[in-house]
Amino acid sequence: MVKIDGHTHTELCPHGSHESTRKMVERAIQLGFDEYWMTEHAPMPAGFASVFGGPLDDYESEGLADSQVDDYLKLATDLQAEYQHDIQIKIGFEIDYLHDFTDSITNFLAEYGPYTQHNILSVHYLQDDDGTYWGIDYDPDELKTGFGQELHAPQRLYSRYFKTVLESAQTDLGRWQPDKMGHISLIKKYQDYFKFPELFDQTNLALIQKILRVMAKRHLSLDVNSAGLYKKFCNDFYPGTQIFTMAKQIDIPMVFGSDAHAIDEVGRGYHLNELFKRVDN
Ligand SMILES: [Zn+2]
Ligand SMILES: [Zn+2]
């Protein structure tokens, strides 16, 4: 079996620890990983600021600056070559799915896709009824400001989120379409802060089933992401047991991801992934 950490960030990530990417790779080697996927946040599309409702820092620190993309690819390809006998480094981006910006996402992928091996598509921003975007994982206040009413009817908030995830899975982003869906239960990052219900209702389960079918059809893998386990108000892995079980039933390929933004976070919680893979085999 190939041991993969399929979701990691680098020293260039504006909201990361800025710890050495080389040391993160060395940590992965020490832990016995065969593959290490670098999936840095792509720059936010031009014009996003004007339709974004949340705090400036969320927007400014979400992704690489345009001017850092070449630096990132150089950092990644240099380490890929240098450590090729110890670990397979795969290069890519974590791409934000944004309904109104699919052209610029497609253009970005057309330009930089040829330098990548695996890319992740993630939903970190949802639109309110007026079309304004709000971050769902920056802090609880931003989620509250954007979707305050739905915090009292969390299944409705879940539906808003899963509809966007479904749309992201269905959208054609061109030849370099990401092949992995990132943390598809991220809406639960603050579940223990807002006391969200643990289980998804029937409406949401139907949406999730649709998402998984689209993923199966389009050969998209699922990010089994351990980062939420270590977040103060999440305390669970993404996508959680309910979605995980459904995905397993229809044989969606799963790739573990630590979502590491620091050296000590590389490979965190990997044994949990192993445990789940053995359940109901
Ligand atoms: Zn990040
Ligand atoms: Zn993410």
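Predicted model: local features only at pLDDT ≥ 70, side-chain atom pairs only at ≥ 80, totals over all residues.

A: A cis peptide bond links Tyr 238 to Pro 239, with omega at about 15°. Asn 235 is also placed in the loop between E8 and H9. The phi angle of Asn 235 is positive, near 55°, although the residue is not a glycine. Is Asn 235 buried or exposed? Asn 235 counts as exposed, because it has 12 C-beta neighbours inside 10 Å and the limit for that class is 12 or fewer.

Strand E8 itself spans residues 221-225. The strand is mostly covered, with 4 of its 5 residues buried. E8 belongs to an open sheet of 7 strands with parallel pairing, in the order E1-E2-E3-E4-E7-E8-E9. The edges of this sheet are strand E1 (4-8) and strand E9 (254-257), each of which pairs on one side only. In that order E8 stands between E7 and E9. In general, the strands of a sheet pair through backbone hydrogen bonds, in either a parallel or an antiparallel sense.

Consider next the pairing with E7. Strand E7 comprises residues 180-181, and its parallel pairing with E8 extends over 2 bridges. Lys 180 is found opposite Ser 221 of E8, and Met 181 has Leu 222 of E8 as its bridge partner.

The pairing with E9 is also parallel and is formed over 4 bridges. The chain passes from E8 through H9 to E9, and this β-α-β crossover is right-handed. Among the residues involved in the pairing, Leu 222 has Met 254 of E9 as its bridge partner, while Asp 223 is partnered by Val 255 in E9.

Helix H8 (residues 202-217) may be considered next, together with helix H6 (residues 154-170): their axes come within 9 Å and cross at roughly 15°. H6 and H8 are therefore roughly parallel to each other, since angles under 35 degrees are counted in that class. Their crossing is left-handed. Leu 205 lies in helix H8. This residue is partly exposed because 15 other C-beta atoms lie within 10 Å, a count between the limits of 12 or fewer for exposed and 20 or more for buried. The C-alpha atom of Leu 205 is separated by 9.3 Å from that of Met 246, although the two residues are 41 apart along the chain.

A further positive phi angle occurs elsewhere in the chain. His 18, which is not a glycine, has a phi of about 65°. The residue is located in the loop between E1 and helix H1 (21-30). His 18 is partly exposed, because 13 other C-beta atoms are found within 10 Å.

Finally, the annotation may be set beside these details. An unreviewed UniProt entry carries the annotation "domain: PHP" for residues 5-226. Over residues 5-226 the chain is 39% helix and 16% strand, and the end C-alpha atoms are 10 Å apart.

Definitions and conventions: Residues numbered from 1 in each chain as written. Chains lettered and ligands numbered in written order. UniProt positions renumbered as here; feature names shortened; annotations may be inferred. Pairing = 2+ DSSP bridges. Right-handed = clockwise from strand over helix to strand, strands pointing away. Axes fitted to C-alpha atoms, helices over the stretch in contact; angles between N-to-C directions. Parallel < 35°, antiparallel > 145°, perpendicular 65-115°, else oblique. Left-handed = near helix turned anticlockwise from the far one by under 90°.
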